[in-house]
There are 2 protein chains.
Amino acid sequence: VKRYLVLAEGHSADAHHGKTMRGFVRYAPHQTVAILDSERAGELHDGIPIVGRVAEALCFNPTTALVGVAPTGGVLPPVWRDLLKACISNGLDVEAGMHTFLADDPELAEAARRHGVELHDLRRPPEGLGVPTGENLQHGATVVHTVGSDCAIGKKTMALELHLAAKRRGLASVFVPTGQTGIAISGWGIAVDAVVADFVAGAAERLVVEGASMGDLLWVEGQGSLVHPYYSAVTLGLYHGALPHLLVLCHKAGETHIEELPEHPIPPLAGLVELYERAALPVRPARVACVALNTMNLDEDAARRAVADAEAETGLVADDPVRFGADRLVDAVLARLPARAAVEAS
Amino acid sequence: VKRYLVLAEGHSADAHHGKTMRGFVRYAPHQTVAILDSERAGELHDGIPIVGRVAEALCFNPTTALVGVAPTGGVLPPVWRDLLKACISNGLDVEAGMHTFLADDPELAEAARRHGVELHDLRRPPEGLGVPTGENLQHGATVVHTVGSDCAIGKKTMALELHLAAKRRGLASVFVPTGQTGIAISGWGIAVDAVVADFVAGAAERLVVEGASMGDLLWVEGQGSLVHPYYSAVTLGLYHGALPHLLVLCHKAGETHIEELPEHPIPPLAGLVELYERAALPVRPARVACVALNTMNLDEDAARRAVADAEAETGLVADDPVRFGADRLVDAVLARLPARAAVEAS
């Protein structure tokens, strides 16, 4: 059984850069025994102790350290090297989702060898990727894909919440991880943003085919946004490789531009619905089934107003599944399932 | 001075898989002294002798062999290994644009070392790529981008023809190469399809910034298509990273589905115009300036009808710049230049 120390130095209170930590703590089946962030040492996060140094975490008997921050572009900040060396020298395996692979770092690899621990790069692409084979049109599962207005707004969280709600109804539901946090949580998947660009769609196809072997209602975690100036390539390749039947449009209520990029506006919700439907491949004209809002920055009254406004603007069911429960969104998805791909209770 | 032997075994007559050969022979400043294709040994291609074996090419004194085929997915067919070994053992440098890098192949690398020749992988990404920095909004050049309905229909050729026509008018025009053939032709560039998916837009930005240091009217070679089920990720990342002011929509006249994928229809031209304009980032709402048609499969009457039909359907100037000259298309682009980015004669 793995027991995790989640490394979130400087970012444990940060919804964007700490999103790996937050998602892992909330959804992973493994226990997080401590979080490391020297800026919050002594506090608790969701009941989990926050420590300031690796040595202080050892009394909780962790087996594995997870790098729980997601710096833009994926490069490991130099200050992290000492943290990782401390984990390794104390016998912890290390899991990380950087674009820079820990196992390819001579110093860290040598330290891991010396201390008999494993370095696991969650973002390392599997062998043998290529372009799609057409299997994404042949499996029997229904594919639902969370897409959105920006990065780090909850596309993974929405997919997980809807998946868990569907599972509670007895449906053969599968969460399909496409990024490092989803992989850390679920123990399988491909980080499609780390794949050679020509093979993003092929990687997405492989994921839905694998997911279809596990169940018949797939929730494919979205990446980036079609209007994100950095990551739209990943977004479209994942969309076209996964070939979803239905989309769940995710948005962080109140945001009007891409985070930290004020010159890049986010279109209105109705425009995003139209854009995502327009961008579908003709062979599989996906439709937006509902709108999943992240209202974490709003008080409850404002959150309810945001939900009502989103419904009025789009004509679709909207809700915040974390705050108000996922059932209305799951109902909206099930009501729009393609007839030829009806989902059976398992 | 480099003298090229272009290796096109089995594909010298094939417009799709032989597109590297055809583009290089037509547009590169270096001389192609022979083409290798055992199926056409003894014939001529554009006046260049076709040979059946490497030994038969040596009398033309080549210095460099170029892999002139583009297999789907970029993997080197096994039969090519013997060809490359023959080139190396006869003292030729080798340039190749596969996803599989020749220099990483132990047998070929050792042979190259032994014979003192260089292996140059045109698709190998440069060091230090990342996400865009915003420089793509700050340079002073006008960016025109060729986009299209499919792969291998002439997006590179159209960009080169329009660039050459603009240069003949004395404009400070630059062709911006984004794929292996463009790089082989021009001696610079990045193969954006071989970059880690998260960094496609960053690579595209780097290319337009470098292009803007060479001139003020940039023709950015397009890749793939927004409706191509394999390569749309590359297409959108390149588009959003290059942030073009204007688009040239390229299409192979008469084609109604993606090549070799009959279940994937190509939308009508007017739909493609609307799709590409819709997919622009809000910060730079690119417009289609004209339609560049590839009419190579039509006779002259049919080609003229196809041009007239495209103009009627889209309301834009259309032409086949290879067959009928590029001037009408260049005029259409220049007439729609953004006022703040007027291009000066150099």
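In which loop of chain B is E260(B) found? The residue lies in the loop that runs between strand 11 (246-252) and helix 9 (269-278) of chain B. This is a predicted model, and the account below passes from the relation of the chains to the sheet, the core, a helix pair and finally back to this loop.

Chain B is superposed on chain A by a rotation of 180° with 0.0 Å of shift along its axis, and the RMSD is 0.0 Å. That is the relation of a two-fold axis. The copies meet through the same surface, because 100% of the interface residues of chain B are also interface residues in chain A.

Within chain A, seven strands form an open sheet with mixed pairing, in the order 3-4-2-1-5-6-7. Its edges are strand 3 (44-45) and strand 7 (119-121) of chain A; each has a single partner strand, so one side of each is left without a neighbour in the sheet. Strands of a sheet pair through backbone hydrogen bonds, in either a parallel or an antiparallel sense. The pairing of strand 2 (residues 31-36) with strand 4 (residues 48-51) of chain A is parallel and extends over two bridges. Here I35(A) stands opposite I50(A), which belongs to strand 4 of chain A. Helix 1 (residues 19-27) of chain A packs on this sheet, where it touches strands including strand 1 (3-7) and strand 5 (64-67) of chain A. The direction of helix 1 makes about 155° with that of strand 2 of chain A.

The largest nonpolar core has 108 residues, of which Y239(A), L249(A), Y276(A), Y239(B), L249(B) and Y276(B) touch the most other members. Beyond its neighbours within four places in sequence, Y239(B) is in contact with several residues, among them H145(B), P244(B), L247(B), Y276(B) and A286(B).

Two helices of chain B, helix 5 (residues 155-168) and helix 12 (residues 327-335), pack at an angle of about 80° with their axes 9 Å apart. They are therefore roughly perpendicular to each other. Helix 5 of chain B contributes L162(B), A165(B) and A166(B), which meet D327(B), L329(B), V330(B) and V333(B) in helix 12 of chain B.

Although E260(B) is not a glycine, it has a positive phi of about 70°; E260(B) is exposed, with a relative accessible area of 58%. In chain A, E260(A) likewise has a positive phi of about 70° and is not a glycine. E260(A) is found between strand 11 (246-252) and helix 9 (269-278) of chain A, and E260(A) is exposed at a relative accessible area of 57%.

How values were computed: Residues are numbered from 1 along each chain as its sequence is written. Chains are lettered from A and ligands numbered from 1 in the order in which they are written. This is a predicted model: local features need pLDDT of at least 70, side-chain atom pairs count only at pLDDT 80 or more; totals for chains, interfaces and linings use all residues. Side-chain values use heavy atoms; hydrogens and water are left out. Copies are superposed by least squares on the C-alpha atoms of residues with pLDDT of at least 70 in both. Contact means heavy atoms within 4.5 Å. Two strands pair if DSSP finds at least two bridges between them. Helices (H or I, at least four residues) and strands (E, at least two) are DSSP runs, numbered from the N terminus. Axes are lines fitted to C-alpha atoms, for helices over the stretch in contact, and angles run from 0 to 180 degrees between N-to-C directions. A nonpolar core is a set of buried Ala, Val, Leu, Ile, Met, Phe, Trp, Tyr and Cys residues joined through side-chain atoms within 4.5 Å. Buried means under 20% relative accessible area, exposed over 50%, partly exposed in between (1.4 Å probe, protein chains only). Angles under 35 degrees count as roughly parallel, over 145 as roughly antiparallel, 65 to 115 as roughly perpendicular and the rest as oblique.
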